[in-house]
Amino acid sequence: MADDERRHGSGSVEPGDTSKRVGMQALEERGLDPEELRERLIDAIGAEFSTYYYYTNLRMHLAGHEDYKEITEDARLEDRAHFELVAPRVYELGGSLPGDINDFMGRASCPHAELPTPYEGETPDDINEDAGATEILEVLLEAERCAIRTWSEICDMTQGKDPRTYDMASRILQEEIEHEAWFVELLSMERDGEANPAGHFVRGEPGDAPYSTNRRINDSA
């Protein structure tokens, strides 16, 4: 049997044509706009890259709360894993990351998780009491909630249409939901003195990313 007589041996893309991607055409045939998805993914991983940076700063300022620092570190490193997991998908969909970091951060789908201003005035004597552990935990919590909304949207876009992206987004979403639970627990106790258990502590190793890491598939990732 000749190759072109096999069921999927040929299609609308000519053999050797590198100007088109069958992987994108398959999405279009299922009713998904690959370009729109690609742009949404860039926005989503822009937010993950942003939180990786800003969580570094937030973690540094959780002085005297080593348990909070440790859990923030898990979330920080797992957000980096989310960025690294999805970035190649942008290229598979015929796109690329913005060449300018400012453009990339400007497109992030979530507000930057900025550190609450530590000083009300110009000197350390003018301490802003609204920049302690409670306020930092509130920033962390709202960042995770934005991430849940973002990846839920990607899951809704891709379910039943793009198994590859859906798999990535659903794995990330599971970790973001866990992150929210962590910070709900910590904030409830720190601010309100109430037990609101998350049912989980920290990963076996910092940033273990049990759902989203590529390590078990590709040790170089």
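Student: Which helix does Met168 lie in?

Tutor: Met168 lies in helix 6. Please bear in mind that the model is a predicted one.

Student: Is Met168 buried or exposed?

Tutor: Met168 has a relative accessible area of 4%. Because the cut-off for buried is under 20%, Met168 counts as buried.

Student: What does Met168 touch, leaving out residues up to four places away in sequence?

Tutor: Met168 touches Leu85, Val86 and Arg89.

Student: How many residues apart along the chain are Met168 and Arg89?

Tutor: They are 79 residues apart along the chain, and their C-alpha atoms are separated by 9.3 Å.

Student: Let us step back to the whole chain. How many helices and strands are there?

Tutor: The chain has six helices and zero strands. Read from the N terminus, the order of elements is α-α-α-α-α-α.

Student: What share of the residues counts as buried?

Tutor: The figure is 42% of the 221 residues.

Student: And what share of the contacts joins residues 24 or more positions apart?

Tutor: Among contacts with a separation of 6 or more, such pairs account for 72%.

Student: Now to the packing. At what angle do helix 2 and helix 5 pack?

Tutor: The angle between helix 2 (residues 34–60) and helix 5 (residues 133–158) is about 160°, and their axes are 11 Å apart. Angles over 145 degrees count as roughly antiparallel, so helix 2 is roughly antiparallel to helix 5. The crossing of these two helices is left-handed.

Student: Which residues meet there?

Tutor: On the helix 2 side they include Leu37, Leu41, Ala44, Ile45 and Tyr55. On the helix 5 side they include Ile136, Leu140, Ala143, Trp151 and Met157.

Student: How many nonpolar, polar and charged residues does that contact have?

Tutor: The contact of helix 2 with helix 5 has 14 nonpolar, three polar and five charged residues.

Student: What about helix 3 and helix 5, at what angle do they cross?

Tutor: Helix 3 and helix 5 cross at roughly 25°, and their axes come within 12 Å. Since angles under 35 degrees count as roughly parallel, helix 3 is roughly parallel to helix 5. This crossing, too, is left-handed.

Student: Which residues of helix 3 meet helix 5?

Tutor: Tyr68, Thr72, Ala75, Asp79 and Val86 do so, and they meet Ala133, Leu137, Leu140, Glu144 and Trp151 in helix 5. By class, the contact has seven nonpolar, one polar and two charged residues.

Student: Thr72 is in that list. Is Thr72 buried or exposed?

Tutor: Thr72 is buried, at 0% relative accessibility. Leaving out residues up to four places away in sequence, Thr72 touches Tyr55, Arg59, Leu62, Leu140 and Phe183.

Student: How far apart are the axes of helix 5 and helix 6?

Tutor: The axes are 8 Å apart, and the two helices pack at an angle of about 155°. By the cut-off of over 145 degrees, helix 5 is therefore roughly antiparallel to helix 6. Helix 5 passes helix 6 in a left-handed crossing. The contact has 18 nonpolar, six polar and seven charged residues.

Terms used:
Residues are numbered from 1 along each chain as its sequence is written. This is a predicted model: local features need pLDDT of at least 70, side-chain atom pairs count only at pLDDT 80 or more; totals for chains, interfaces and linings use all residues. Side-chain values use heavy atoms; hydrogens and water are left out. Axes are lines fitted to C-alpha atoms, for helices over the stretch in contact, and angles run from 0 to 180 degrees between N-to-C directions. Helices (H or I, at least four residues) and strands (E, at least two) are DSSP runs, numbered from the N terminus. Angles under 35 degrees count as roughly parallel, over 145 as roughly antiparallel, 65 to 115 as roughly perpendicular and the rest as oblique. A crossing is left-handed if the near helix is turned anticlockwise from the far one by less than a right angle, and right-handed if clockwise. Contact means heavy atoms within 4.5 Å. Ala, Val, Leu, Ile, Met, Phe, Trp, Tyr, Cys and Pro count as nonpolar, Asp, Glu, Lys and Arg as charged, and the others, Gly among them, as polar. Buried means under 20% relative accessible area, exposed over 50%, partly exposed in between (1.4 Å probe, protein chains only).
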